[in-house]
Amino acid sequence: MKCISCGAEIGLTDHVCPHCGRVLTETAAHQAAQIQYQNDSELTKRKAGKTLAGNIPLVISAFVMLLLVIGIAITGYVKKNAYHFREDAQRKESVNKYDEYSAAIREYLDAGDYTGFAAFKEYHNIAEWEAPYDDLRLLWSITGKYSALVTNVEAAVMFGPEARRYRPEDDVDGCHWAIHNFYYELEHPESDIDSDPYRDYIYDMKEKADLLLEIYLGLDATGRDAYFAASDLEQKVYLEEVLIHD
Amino acid sequence: MTKKVVFILSIIINIILGIVLVCNLIGASENLKFEYVEEDTIRPDSLRMYLDMQNYGVAASLSHPIRGGAQIAAEDADYYRLGEYADLLFLKAIFDKSGNTDTLKDCETRLAEIREEMPDYGILFDKIEQSAEQAIVE
């Protein structure tokens with residue numbers, strides 16, 4: 001737009017010409033419109049502010065709800081996987097404390113306390129399938145069976161004078177299964193026993209298992225040979241005779 | 001009006017979610033801190049039951065974790081030690097015959113310690129000893 005007095009460019013809402021100073025009457029309509037727009041804008045702002053203020057508690061509540069849902073999801077996940085988290089933490093700890101744990105394991109083994117070793121390994125979640133404990137792999141696979149043998153036989157033979165036994169036939173099955181598993185594992189080890197660093201302990205474990213059969217099941221060397229030569233049924237009949245008696 | 005209803009509903013939902021979150025937090029922290037032998041809550045009850053039933057061998061086998069260094073809740077410690085006593089008596093015969101003299105000595109020392117620590121259980125210890133003797137096949 002141009003000033004009708006000096007011809008200079010002027011703004012649509014200018015009150016006076018910035019060049020000649022003439023009061024501009026031709027922009028009055030634009031000025032009025034500007035004031036109205038400004039007033040409308042102010043009103044809209046106020047309305048929007050009021051609406052927003054009215055929604056703030058709802059927005060906060062929705063935000064809190066979102067946080068709670070996220071919190072529930074996280075704690076639910078932790079709760080469900082807590083066992084694995086703990087197991088992983090213990091495994092890492094067992095790696096960090098390798099020297100200490102190795103010394104403790106060696107003590108159990110030197111004492112011939114293989115069930116103690118099994119309990120220690122399980123309690124500390126020592127992972128024999130990965131470094132640095134992977135040299136224990138064969139020893140552990142046999143110790144697990146030995147521990148099961150001890151557990152089954154002691155559960156089957158030690159009773160008080162007025163003991164109540166649930167199902168003695170289960171004791172027979174348990175012992176039969178445990179004896180088979182241990183000696184089968186020795187005959188078919190997952191790797192060569194003679195080249196294993198813990199071979200002496202494995203052979204000692206076998207001696208102890210032989211003694212266990214002799215002391216608590218009446219199977220000396222000859223008896224063991226006869227037992228292992230017999231059929232499954234005959235083996236169970238023998239165990240029944242020893243374990244289920246008045 | 002509708003906004004108010006929605007707001008009240010959201011508050012109620014938030015309270016419920018809050019309760020669920022607190023329960024989850026408690027459950028998660030309990031799961032994270034449990035001990036080996038507390039992991040299976042049936043175990044101490046089973047131990048007690050088998051001791052009552054005079055199934056000392058089963059009690060012995062259930063108490064194995066204690067010999068691996070497991071931490072036992074104070075209220076269950078006695079039951080575990082009774083089981084340990086039975087377990088050591090069972091193993092003692094094997095150590096004796098296998099010639100592990102040091103281990104045998106340790107075994108006997110621990111047996112004496114347990115008896116000394118639990119003077120109220122004398123009769124039970126005698127029964128366990130009797131059961132260990134009778135378990136040996138002549």
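Predicted model: local features only at pLDDT ≥ 70, side-chain atom pairs only at ≥ 80, totals over all residues.
For chain A, the accessible surface comes to about 13900 Å², with 56% belonging to carbon and sulfur atoms.

The secondary structure of chain A consists of eight helices and zero strands, its elements running α-α-α-α-α-α-α-α from the N terminus on. The radius of gyration of chain A is 43 Å, well over the 18 Å that the globule rule gives for 246 residues, so chain A is more spread out than a compact globule. Along the principal axes, the C-alpha atoms of chain A fill a box of roughly 135 × 45 × 30 Å. Of the 246 residues in chain A, 39% are buried, and among contacts between residues at least 6 apart in sequence, 54% join residues at least 24 apart.

Chain B likewise comes to eight helices and zero strands, and has a radius of gyration of 24 Å, whereas a compact globule of 138 residues would have one near 14 Å. The C-alpha atoms of chain B fill a box of roughly 90 × 30 × 25 Å along the principal axes. Buried residues account for 47% of the 138 residues in chain B, while 55% of the contacts between residues at least 6 apart in sequence join residues at least 24 apart.

With regard to charge, chain A carries 24 positive and 42 negative side chains, the centres of the two sets lying 18 Å apart; in chain B, 13 positive and 24 negative side chains are present, with the two centres 8 Å apart.

Terms used:
Residues numbered from 1 in each chain as written. Chains lettered and ligands numbered in written order. Heavy atoms only, no water. Helix = DSSP H or I, 4+ residues; strand = E, 2+ residues; numbered from the N terminus. Rg over C-alpha atoms; globule rule 2.2 N^0.38 Å. Buried < 20%, exposed > 50% of the residue type's maximum accessible area, 1.4 Å probe, protein only. Contact = heavy atoms within 4.5 Å. Areas by Shrake-Rupley, 256 points an atom, 1.4 Å probe, with all protein chains shown as cover. Lys, Arg positive; Asp, Glu negative; His and termini not counted. Charge placed at Lys NZ, Arg CZ, Asp CG, Glu CD.
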